[in-house]
Amino acid sequence: MYTEKVLDHFSNPRNMGEVEGANAVGTVGNAKCGDIMQISLKINDDGIIEDVGFKTFGCGAAIATSSMATEMIKGKSIDEAMKLSNAAVVEALEGLPPAKIHCSVLAEEAVKAALEDYHKRREEAK
């Protein structure tokens, strides 16, 4: 049912927890399945994501997609991170069951929500 990569990211999640000094936080949820994801980012003055963390309440696929998404954007620019797609997360995990694709959509949405929060905070600071 799950690929080895999904099982690995579920059993050994990367970047789990909150980022100290985060300057961007995005939280999304899916009421239908009960999954909630929060992504926190520390973005430097050059627009590079220096650190990333996640807290996810949900199934194994939700945890695995959160973990993979954080791995995929760490060290990337804001513009590169904005291009993250749920399809790329699924591909990096070497597949997800059709009933769990929504977890990868949540991961993409959480990253984008955090990046939107970053832009909002910068505007408010002006």
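# Reading a predicted model: helices, sheet and loops

Mentor: The axes of helix 1 (residues 4-11) and helix 2 come within 8 Å and cross at roughly 90 degrees. Keep in mind that this is a predicted model.

Trainee: How should I read a pair of packed helices?

Mentor: Two packed helices are described by the angle between their axes and the distance between the axes. Here angles from 65 to 115 degrees count as roughly perpendicular. Helix 1 and helix 2 are therefore roughly perpendicular to each other.

Trainee: Which residues make the contact of helix 1 with helix 2?

Mentor: Helix 1 brings Lys5, Val6, His9 and Phe10. Helix 2 brings Gly60, Ile63, Ala64, Ser67, Met68 and Glu71. Sorted by class, the contact has five nonpolar, three polar and two charged residues.

Trainee: Now the sheet. In what order do the strands lie?

Mentor: Three strands form an open sheet, and their order is 1-2-3. The pairing is antiparallel. Look next for the edges. Strand 1 (24-30) and strand 3 (49-57) are the edge strands, since each pairs on one side only. Neighbouring strands are turned against each other by 15 degrees on average, direction ignored.

Trainee: How many bridges join strand 1 and strand 2?

Mentor: Seven bridges, in the antiparallel sense. Follow two of them. Val25 has Ser40 of strand 2 as its bridge partner. Gly29 has Ile36 of strand 2 as its partner.

Trainee: And how many bridges join strand 2 and strand 3?

Mentor: Strand 2 (residues 35-43) pairs with strand 3 over eight bridges, again in the antiparallel sense. Gln38 is bridged to Lys55 in strand 3. Ile36 stands opposite Phe57 in strand 3.

Mentor: Check the glycines. The hairpin of strand 1 and strand 2 has four residues between the strands, and Gly34 takes a positive phi near 90 degrees there. The hairpin of strand 2 and strand 3 has five residues between the strands. In that hairpin, Gly47 takes a positive phi near 80 degrees.

Trainee: Is Glu94 buried or exposed?

Mentor: Glu94 counts as exposed, at 51% relative accessibility. Glu94 lies in the loop between helix 4 (86-92) and helix 5. Its phi is positive too, at about 65 degrees, although Glu94 is not a glycine.

Trainee: How do the helices sit against the sheet?

Mentor: Note which strands a helix lies across, then the angle. Helix 2 (residues 60-73) lies across strand 2 and strand 3. Helix 2 runs at about 175 degrees to strand 3. Helix 5 (residues 101-125) lies across strand 1, strand 2 and strand 3. Helix 5 runs at about 145 degrees to strand 1.

Trainee: Where is His102 found?

Mentor: His102 is in helix 5. At 24% relative accessibility, His102 counts as partly exposed. Leaving out residues up to four places away in sequence, His102 touches Asn30, Cys33 and Asp35. His102 and Thr65 are 37 residues apart in sequence, and their C-alpha atoms are 9.9 Å apart.

Note on methods:
Residues numbered from 1 in each chain as written. Predicted model: local features only at pLDDT ≥ 70, side-chain atom pairs only at ≥ 80, totals over all residues. Heavy atoms only, no water. Pairing = 2+ DSSP bridges. Helix = DSSP H or I, 4+ residues; strand = E, 2+ residues; numbered from the N terminus. Axes fitted to C-alpha atoms, helices over the stretch in contact; angles between N-to-C directions. Contact = heavy atoms within 4.5 Å. Parallel < 35°, antiparallel > 145°, perpendicular 65-115°, else oblique. Nonpolar A, V, L, I, M, F, W, Y, C, P; charged D, E, K, R; others polar. Buried < 20%, exposed > 50% of the residue type's maximum accessible area, 1.4 Å probe, protein only.
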